[in-house]
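Please open the model in your viewer and keep the selection tool at hand.

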Amino acid sequence: MDTALAADKAAALKLAPVSRETEARLDRYIALLREWQAKTNLVASSTLPHLWTRHIADSLQLVALAPDARSWVDLGSGGGFPGIVLACVMAEFPGAVVHLVERNAKKAAFLREAIRVTGSPSMVHLAEIGDNVDRITGPVDCVTARALAPLHQLVGFAEPLVHLGAKALFLKGQDIEAELTEAAKYWSIQPQLHQSRTGDGWIVELAAIERRG
């Protein structure tokens, strides 16, 4: 496993290069995740040999789409993708913060430990996603989500933050056209699609959201 993971890490950092300091934080995060994975299901076990490409690089690519963002909100952070990964990068910027919204208490506990171990500028909100988003204070530059809910639900969760000026970046799979069609029934949106660097998925970027009807 360690040999496979080392090769996977090298491939991932070619796709999404980071500083030596961020790499060190990500190493500590991956070590913690592997330790906790034995008792808490944080990622699909089949993806463990490819943690760096499937999860780390997949998350890192969001930074290039919002290079000036310093305040992030990650919805349904789960095992920390993309939230903890983003926080590891944001540690390089004074005053940056990543809000991690997670409803599962075990996963929230893991996220708090990941923040401690990596020394990343982040805070955990243990709450239902829809109940918490509009309670986050201060300006938000970017709202993210990965493997959380269908697009039309994500748009609804993010709308209060986007209305206040945030940009939404949602990591989605191959069936993006069907999700966009469904979302258009409820929301007036003009999505910008970015093909993922790490697979067959897409990133949906939204700068404005309006409810239909």
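The stops below concern a helix pair and then a group of aromatic rings.

This is a predicted model, in which local features need pLDDT of at least 70 and side-chain atom pairs count only at pLDDT 80 or more, while totals for chains, interfaces and linings use all residues. Residues are numbered from 1 along each chain as its sequence is written, and side-chain values use heavy atoms, with hydrogens and water left out.

Select helix H1 (residues 2-15) and helix H2 (residues 20-37), which pack at an angle of about 140 degrees with their axes 13 Å apart. Helices are DSSP runs of H or I with at least four residues, numbered from the N terminus; axes are lines fitted to C-alpha atoms over the stretch in contact, and angles run from 0 to 180 degrees between N-to-C directions. H1 and H2 are therefore oblique to each other (angles under 35 degrees count as roughly parallel, over 145 as roughly antiparallel, 65 to 115 as roughly perpendicular and the rest as oblique).

Next, display the side of H1 formed by Asp2, Leu5, Lys9 and Leu13, which make the contact with Glu23, Asp27, Ile30 and Arg34 of H2 (contact means heavy atoms within 4.5 Å). 

Now select Tyr29, Trp36, Phe81 and Phe110, which form one aromatic cluster. Rings of Phe, Tyr and Trp (its six-membered ring) pair if their centres lie within 6.5 Å; planes under 30 degrees apart count as stacked, over 60 as edge-to-face and the rest as tilted. The rings of Tyr29 and Phe110 have their centres 6.3 Å apart and their planes at 35 degrees, so the pair is tilted. Tyr29 lies in helix H2 and Phe110 in helix H5 (residues 105-118), 81 residues apart. Both Tyr29 and Phe110 are buried (under 20% relative accessible area, with a 1.4 Å probe and protein chains only).

Technical notes: Helix = DSSP H or I, 4+ residues; strand = E, 2+ residues; numbered from the N terminus. Buried < 20%, exposed > 50% of the residue type's maximum accessible area, 1.4 Å probe, protein only.
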